[in-house]
Amino acid sequence: MTDSLLLSFALLLPVTGMIAIPFLPSSIRANVNFIFVVLIAAITSIPAVKALTGDTVDVVINGTLVFGNITFHIDSLSSWFILIINLTCIHGAFYGIGYMKSYKGRRTDLSMHWILFLLFQSSMLWVCMMQNGLAFLVVWELMSLSSFLLVIFDHSNKATLQAGINYLVQMHIGVLFLAAAFIWVYFSEGSFEFSSIEKFFFSNQNLWLFLLFFAGFGIKAGFIPLHSWLPQAHPAAPSHISGIMSGVIVKLGIYGIFRIIFFLKQDYTVIGEIIITLSVLTCLYGILNAAVHRDVKKMLAYCTIENIGIIGIGIGLGLLGMGNGNTLLAVLGFAGALLHTLNHSLYKSLLFFNAGSVYQQTHTRDMEKLGGLVNTMPQTALFFLIGGMAIGGLPPFNGFVSEFLLYSGLLLGIKSTGITLITLLIFSLAGLALAGGISMLTFTKSFGTIFLGAPRTHLQQQPREVAWDMRLPQYLVVIIMLSISLFPRFYFSIVNNIVLEFIPVAPGGRAPVPFPLLNGISAIGKFAMLFMVLLVLIYLIRKSISRKHPEATGPTWGCGYIVPTSKMQYTGKSYSKSLGKLLSFLILEKKKYKEISANEIFPAERRHSSHYNDFFVTRIFDGIVDRLLYSLNYFQFIQNGKIQMYILYGIFFIVLIFLGTIFKFI
Amino acid sequence: MISFILIILASLFFTGIIIRVKSITSGRRGPGILQPVKDVIRLFKKGAVYSKTTSFVFQVAPSIYFASILMAIMVIPLGEYRGFISFEGDFVFFAYLLGVGKFFSIISALDTGSSFEGMGASREALFSMFAEPAFFILMGSLALLTGHTSFQEIFASLHFGSYISYILGVLATFVLAMITMVENSRMPIDDPKTHLELTMVHEVMILDNSGFDLGLIVYGTNLKFAMYGALIANLFMGSFPLYITIPIFFGIQVLFAIAIGLLESFTARFRMNHNAQYILALSSVSLLIFLGVLLVLGQFN
């Protein structure tokens, strides 16, 4: 099959699916959607795999009226992201079949949901292929809109709508930056094609255009201070959608940044320093907030911000490597970032699916209301445990592989010259380690509060293990995760090849990764295996020895107190309280509580509530938005609701354009 | 492999020495130095009581904790003899392995649903988190100084430096010793002999463990002591032949144990709510080492 045929299939298939789904009986819509997702994935993965093995795919539609030449270009970078998108979407669509069963009464909504799902997947894939600025913006917009509509599935809920609109607005601020950047290139080079960005970088200063692009893509990716849509949109969306959004959509911001970075011609070091500083801060800020929030999906959203920070550290390192001419550093940084992108999309979708399973059974996302679910939902608990360990970068799971690459990169980077750079990198090293520590605190807290101990509240319906069709995709994710952690060398060689294709290599051919390092990477897999073997061995010894001795069960030791209740358990809030208190300047706690006054002899029942606010939203954005609203109030006379006035505005502008053309202003 | 065997040997008497020193300073004779190991063996032979609230997590956690410590010990070298696990960047692996153990010891405490154990778990997570940057800055500085990134190469080439590298060694010893105290929840951070659950960190987390599991946890603590002792010993070992390094190894282990005993006898515990800051302050000592390294490398010129 030729490339253009494949690509036209990639366009036709989703359209067919979108038209077909509403006409099908509602019971099979989800399944048909899944079939279409798999088909699209298969069709687009063929050229992607081809590109990864070395043949880039190019299809050009020449001379369109508005766009100019539209180039579909699939190189190894796009392929990597296309494969990640497909993988996550397949899991998500599969999980969605089971998850959306509980909404089966809302047929029209569901039909819309599956139509949008196809559009969503395809638009993300197109984003990775388009190499024409204007067309790119169109598909980028399609992606934002379809995901917005998917987020507000539960549109009768006010909070959901609010989160959705917030997402919509922020995405458009992002588009504004991107459009400005593309237009700048257009004015300077006369073309919207991506190749003209490269030309622009050849002849102009790189920093400012890059920062414009970075702002646009950074909003999507969730770098601070542009992150505030994430913790609102993720909890609002259905779980498989949050899984895909966090796993992939956010990564497309990273894709955009990568794309632009590989066009850069100078200013590597300064851009690298900016990115690495911002990333370390993003990383720490994200995980600190994740540690204190009690809404499980909000916690996961903040954790996504942390992981974007980690990916950003890799990108920054890679840029520093390019700046120094240190190819190995560039490889380690970029490869670490790319691998972490895959890893994060895996375990984050796993965790979101997990949160969905818990939500389906208990109808709450509030961790403090849960507890003891490990007894009723053991497999779900196991998935969460694995996801939580992987996300903390703990061996023997895949998160460690990419973090190890980044640590190696940082350790290599500190050998470079320049005291500023060394200091920056050693702080990044400490920051990454600290983030790892906080992430352990976050996930022990979440796992402990949701799954361990005794149930904290009486639930209306006894939770049960979720259906097999919701567990199966999670098993698949876990298997892929284990394959990365046990065979890291294979995955590293893929990302290594991608990176080597894009970075300028010193004369003398491809710079090989030195043997000791490769050795280290395969050692991780080997010793992860050894660890698991050792663990099983010790457990078996324990079992055989303790079998000989008597075993008894009893209540938990209550330190002498004889009537403990499950409400006396340590809560998640108190677990992370001391951390929140230490960093109260950054994690803003809002309490509502009325003190008991001295003359109140019989105190009435009272409530205590406490929640955490986002620093940037409360301290910076809310103020700006308030003032903006205040000043825009003065212009309210324009929007006065009189239809005559609106017609007048129309005439006014037509006259303005007319005059403009006469006097040659435009 | 030789370091693995030596650390196991050292772990047999390490806690015994600490207890003996504490006894002598408080005017008692104290038990023999092998008493802690005998206690562990006694625990191994006992039956167990499990809480009704607990799940499979509570059953597997002690084994994982112990396995993670064993794996971590395999990473430690002895002078120029590399450990069983040795590759570039192995100290990252080391730190994260210990993280796995800690992760499980924390969730096994949370598994019991006891408010006291949750409290201990929360403190353990917080304190060890703050100790993390100190270790990484220390190792990063040493990697910068020596130009290597595996334990064995760092320690083997550390010896050849100038006099200032020995000063750095002393500072590094201090940092490592303090990290040992944090990791093992010992005196300035936590008082293992306290009699109130509210004020404990590590001890309160294992209130519900018994029998073989408790034995594993207790012996794990001994191993951790010897492991950090071995790390400190490595700082001063260089690449001498075995007949010198082995006495150095045991000498430093004994000295370290005595020092801990004295420290525990004569200091009071830090205020619990300020502990986190104290531990974070450890990072500043690590930064001092980092500055020292920059000085040695002449980066300030």
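**Chat about the A–B interface and a helix pair**

Me: How many salt bridges does the rule find across the interface of chain A and chain B?
Reply: The rule finds one salt bridge across the interface of chain A and chain B, a salt bridge being a side-chain nitrogen of Lys or Arg within 4 Å of a carboxyl oxygen of Asp or Glu. This is a predicted model, in which local features need pLDDT of at least 70 and side-chain atom pairs count only at pLDDT 80 or more, while totals for chains, interfaces and linings use all residues. Residues are numbered from 1 along each chain as its sequence is written, and side-chain values use heavy atoms, with hydrogens and water left out.

Me: Which residue forms a salt bridge with Arg542(A)?
Reply: Asp213(B) does, and the closest N and O atoms of the two are 2.5 Å apart.

Me: OK, new topic: at what angle do α5 and α6 of chain B pack?
Reply: Helix α5 (residues 115-146) of chain B and helix α6 (residues 151-158) of chain B pack at about 60 degrees, their axes lying 10 Å apart. Helices here are DSSP runs (H or I, at least four residues), numbered from the N terminus, and axes are lines fitted to C-alpha atoms over the stretch in contact, with angles running from 0 to 180 degrees between N-to-C directions.

Me: Which residues of α6(B) make the contact?
Reply: On α6(B) they are Phe151(B), Ile154(B), Ser157(B) and Leu158(B), and on α5(B) they include Phe135(B) and Met139(B).

Methods:
Chains lettered and ligands numbered in written order. Helix = DSSP H or I, 4+ residues; strand = E, 2+ residues; numbered from the N terminus. Contact = heavy atoms within 4.5 Å.
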